[in-house]
Amino acid sequence: MKKMFKFTGAMLLAVSMLTACAGEKSGGSGEGDGKRITLYSPETPDFTKELAKKYEEVNGGNVDVHYAGTNVLVNQMLAEKENPKADVWYGGGGILPFEAAVERGILASYIPDFAADWDITENGIKLKHEDGKYVGVEIFVLGFSYNPELVSEEEAPKTWEDLLDPKWKGKIQFPNPAASGTATLMVMDQMMRQGEDQAWEYFEQLVDQANSTPDSGSAPTKAVAMGEAHIGIGFDFMAYEQKAKGETVDFIVPDKTPVLVNPATLIEGAPNAEGGKKFIDFLLSKEAQQIMADWYHIPINPEVESKTPLSIDKVKEVAVDLDIDWVNENYDRVRNEWKDKFQ
């Protein structure tokens with residue numbers, strides 16, 4: 001990035017799981033233009049409502065937060081395509097669902113001034129869409145949670161290959177790639193690094209090491225915190241959020257691993273497009289980035305410090321490149337092949 005920082009990286013591809021769907025109205029009342037901003041987001045409801053409240057405090061107006069899983073929200077936006085209800089879509093575990101949505105005509109083009117001079121791709125990490133269909137607002141890292149009461153930091157696995165050590169047999173959990181985008185990313189990363197045949201051999205061994213492969217992307221981290229597994233595969237913020245709650249869990253960044261931006265986008269035909277643009281601008285502001293940091297996400301704005309031991313500077317050297325075109329072309333096929341092989 002020209003305005004912010006230079007770093008190597010990679011995109012991580014992951015889709016949130018289906019969850020309960022509810023519309024939430026934020027309680028603030030500012031002196032904005034009177035038009036409500038409608039935000040669709042699969043991110044944690046309390047987190048997104050906190051962002052909405054801060055926007056109202058800073059800018060006035062009202063923000064309605066509608067929470068559901070990414071797949072639910074995408075289907076809803078498609079159903080509403082002729083009469084859009086949302087102004088902004090934020091979050092979804094990375095850029096994959098946004099890339100897929102580009103071809104479906106539900107995303108408008110908008111890049112905030114803050115990100116105008118960013119390179120589209122910086123050494124493998126895609127920071128924004130080439131036609132402005134989305135912009136990254138934070139960083140996620142895929143790695144290993146571990147329970148310090150069961151595993152020392154020295155003993156914990158440091159590479160993806162370490163997970164195959166016989167000492168971890170029956171002690172690992174990872175999400176089901178047929179259901180979880182988090183785990184699908186894990187599979188596709190290995191395929192691009194090893195080739196498909198060797199990657200399938202790797203996962204045959206990894207499946208044999210696992211005591212469970214739940215559908216939820218966050219379930220392995222929670223299992224580690226409860227002592228139901230020694231090692232869990234998931235995103236960094238999942239472990240650090242649990243740790244902040246007093247749970248017995250910590251996080252290892254593997255030697256080479258995917259790193260992603262989590263994006264936001266303006267909806268095509270948004271009823272309050274100007275308000276939507278202001279909200280996306282806000283997501284890159286210090287106020288919003290501080291909230292993200294307080295929820296243990298890695299902020300993309302360099303003026304805001306991470307609340308976790310991780311930062312862009314600390315993870316850039318381990319980030320791997322992913323071929324976005326290959327992923328888009330093979331994502332569904334890989335998930336179906338996993339289902340055929342292991343379910």
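Author: Start with Gly-60, which follows helix 1 and has a positive phi, near 80°. Keep in mind that this is a predicted model.

Now step back into the helix. Helix 1 covers residues 45-59, which makes 15 residues. From its first C-alpha to its last it reaches 21 Å. That is close to the 21 Å expected at 1.5 Å a residue.

Which residues of helix 1 are buried? They are Phe-47, Thr-48, Leu-51, Ala-52, Tyr-55 and Glu-56. These buried residues pack against strand 2, strand 3 and strand 4 (88-90). They also pack against helix 8 (273-283) and helix 9.

Two of those partners, strand 2 and strand 3, are linked by a charged pair. The side chains of Arg-36 and Asp-64 form a salt bridge, at 3.6 Å from N to O. Arg-36 sits in strand 2 (residues 36-41) and Asp-64 in strand 3 (residues 62-67), so the bridge ties together parts 28 residues apart in sequence. How exposed is each partner? Arg-36 is partly exposed, at 36% relative accessibility. Asp-64 is buried, at 14%. Buried here means under 20%.

Helix 9 has a charged pair of its own. Lys-286 and Glu-303 meet through their side chains in a salt bridge of 3.9 Å, N to O. Lys-286 belongs to helix 9 (residues 286-294), while Glu-303 is in the loop between strand 13 (298-299) and helix 10 (312-315), so this pair joins parts 17 residues apart in sequence. Lys-286 is partly exposed, with a relative accessible area of 46%. Glu-303 is exposed, at 55%.

Other salt bridges share partners. Glu-99, Lys-126 and Glu-130 are joined into one network this way. Within it, the side chains of Lys-126 and Glu-130 meet at 2.8 Å, N to O. Lys-126 is buried, at 8% relative accessibility. Glu-130 is partly exposed, with a relative accessible area of 45%. The structure as a whole holds 15 salt bridges. Side chains of opposite charge can pair when their charged atoms come close.

Helix 5 (residues 196-209) has 14 residues and reaches 20 Å from first C-alpha to last. The expected value at 1.5 Å a residue is 20 Å, and the helix is close to that. Its buried residues are Ala-199, Trp-200, Tyr-202, Phe-203, Leu-206 and Gln-209. Seen down the helix axis, they fall within an arc of 165°, so they line one face of helix 5. What do they pack against? The partners are strand 8 (172-173), helix 4 (181-194), strand 9 (210-212), strand 10 (231-235) and helix 11 (324-342).

Val-249 lies in the loop between helix 7 (236-244) and strand 11 (250-252). Val-249 is buried, with a relative accessible area of 2%. Set aside its neighbours within four places in sequence. Its contacts are then Ser-145, Tyr-146, Pro-148, Thr-221, Val-224, Ala-225, Ala-239, Gln-242 and Lys-243. Glu-149 makes the sequence gap plain. Val-249 and Glu-149 are 100 residues apart in sequence, yet 8.5 Å apart in space, C-alpha to C-alpha.

How values were computed:
Residues are numbered from 1 along each chain as its sequence is written. This is a predicted model: local features need pLDDT of at least 70, side-chain atom pairs count only at pLDDT 80 or more; totals for chains, interfaces and linings use all residues. Side-chain values use heavy atoms; hydrogens and water are left out. Helices (H or I, at least four residues) and strands (E, at least two) are DSSP runs, numbered from the N terminus. Buried means under 20% relative accessible area, exposed over 50%, partly exposed in between (1.4 Å probe, protein chains only). Contact means heavy atoms within 4.5 Å. A salt bridge is a side-chain nitrogen of Lys or Arg within 4 Å of a carboxyl oxygen of Asp or Glu. The expected span of a helix is 1.5 Å times one less than its number of residues. The arc is that of the directions from the helix axis to the C-beta atoms.
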